Amino acid sequence: MNLPNYIPKSNKPASTCQLINEAIYILLKLGLPIENMTERKLERIAMAFLAVANVQVSSGWAKIQGYDSENRYALRTREIIEYINQHFHESISSGSYDDIRRKDLKLPV
């Protein structure tokens with residue numbers, strides 16, 4: 001499937017952009033009202049979504065995880081920042097944990 005490029009100005013590697021575009025597409029299809037958001041806002045929401053699902057560029061969607069009673073995969077907001085910084089070529093300050101919760105996770109949750 002050929003997806004639209006929701007983040008054309010991004011300077012991230014192509015494989016990272018592809019994964020972020022896939023996440024944005026999924027969020028859009030789930031009915032999140034993201035049509036009028038800025039490119040950067042879309043990118044941040046998608047990266048937070050990918051972090052919560054434990055999706056990495058290296059493994060893609062094959063190892064997606066979520067919170068359930070058996071594997072109990074759940075991240076705190078500072079861990080989401082660490083995940084995004086490590087896997088998506090960002091340098092978000094650990095002090096931005098409130099921004100992650102208030103701006104990037106509120107809509108998907």
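Helices here are DSSP runs of H or I with at least four residues, strands are E runs of at least two, and both are numbered from the N terminus. This is a predicted model, where local features need pLDDT of at least 70 and side-chain atom pairs count only at pLDDT 80 or more, while totals for chains, interfaces and linings use all residues. Residues are numbered from 1 along each chain as its sequence is written, and side-chain values use heavy atoms, with hydrogens and water left out.

Q: Where does L75 sit relative to the helices?
A: L75 is in the loop between helix 2 and helix 3.

Q: What makes L75 buried, partly exposed or exposed?
A: Buried means under 20% relative accessible area, exposed means over 50%, and partly exposed is what lies in between (1.4 Å probe, protein chains only). L75 comes out at 27%, so it counts as partly exposed.

Q: Which residues does L75 contact, leaving aside its neighbours within four places in sequence?
A: Contact means heavy atoms within 4.5 Å. On that basis L75 is in contact with A51, V52 and I80. By C-alpha positions, L75 is also 9.4 Å from A53, and the two are 22 residues apart in sequence.

Q: What pattern does the chain follow along the sequence?
A: The pattern reads α-α-α-α, with 4 helices and 0 strands in the chain.

Q: How many of the 109 residues, as a percentage, count as buried?
A: The buried share is 39% of the 109 residues. As for contacts between residues at least 6 apart in sequence, 52% join residues at least 24 apart.

Q: Why are helix 1 and helix 2 called roughly perpendicular?
A: Axes are lines fitted to C-alpha atoms, for helices over the stretch in contact, and angles run from 0 to 180 degrees between N-to-C directions. Under 35 degrees counts as roughly parallel, over 145 as roughly antiparallel, 65 to 115 as roughly perpendicular, and the rest as oblique. The axes of helix 1 (residues 14-29) and helix 2 (residues 39-52) cross at roughly 90 degrees and come within 9 Å. Helix 1 and helix 2 are therefore roughly perpendicular to each other.

Q: Which residues of helix 1 and helix 2 meet?
A: From helix 1 there are L19, I20, A23, I24, I26 and L27, and they meet L42, E43, I45, A46, M47, F49 and L50 of helix 2. By class, this contact has 12 nonpolar, no polar and 1 charged residues. The classes put Ala, Val, Leu, Ile, Met, Phe, Trp, Tyr, Cys and Pro under nonpolar, Asp, Glu, Lys and Arg under charged, and the others, Gly among them, under polar.

Q: What makes helix 2 roughly perpendicular to helix 3?
A: Their axes come within 9 Å and cross at roughly 105 degrees, and that angle makes helix 2 roughly perpendicular to helix 3. The contact uses M47, A48, L50, A51 and V52 of helix 2, together with I80, Y83 and I84 of helix 3. Its class count is 8 nonpolar, no polar and no charged residues.

Q: How do you know that E43 and K12 form a salt bridge?
A: A salt bridge is a side-chain nitrogen of Lys or Arg within 4 Å of a carboxyl oxygen of Asp or Glu. For E43 and K12 the N to O distance is 3.3 Å, and their side chains meet in a salt bridge. E43 is in helix 2 and K12 is in the segment before helix 1, 31 residues apart, so the pair links distant parts of the chain. Both E43 and K12 are buried.

Q: What puts R40 and E90 in the salt-bridge list?
A: The closest N and O atoms of R40 and E90 are 2.8 Å apart, and the pair forms a salt bridge. This pair links distant parts of the chain, with R40 in helix 2 and E90 in the loop between helix 3 (77-87) and helix 4 (97-105), 50 residues apart. R40 has 35% relative accessibility, so it counts as partly exposed. E90 has a relative accessible area of 15%, so it is buried.

Q: Which residues are linked in a network of salt bridges?
A: K12, R40, E43 and E90 are linked that way. The whole structure has 5 salt bridges.

Q: Why is R76 called exposed?
A: R76 has a relative accessible area of 61%, so it is exposed. E79, with 25%, is partly exposed. R76 and E79 form a salt bridge, their closest N and O atoms being 3.2 Å apart.

Q: What makes R101 partly exposed?
A: R101 has a relative accessible area of 42%, so the label is partly exposed. R101 lies in helix 4 and touches T77 and K106, not counting residues up to four places away in sequence.
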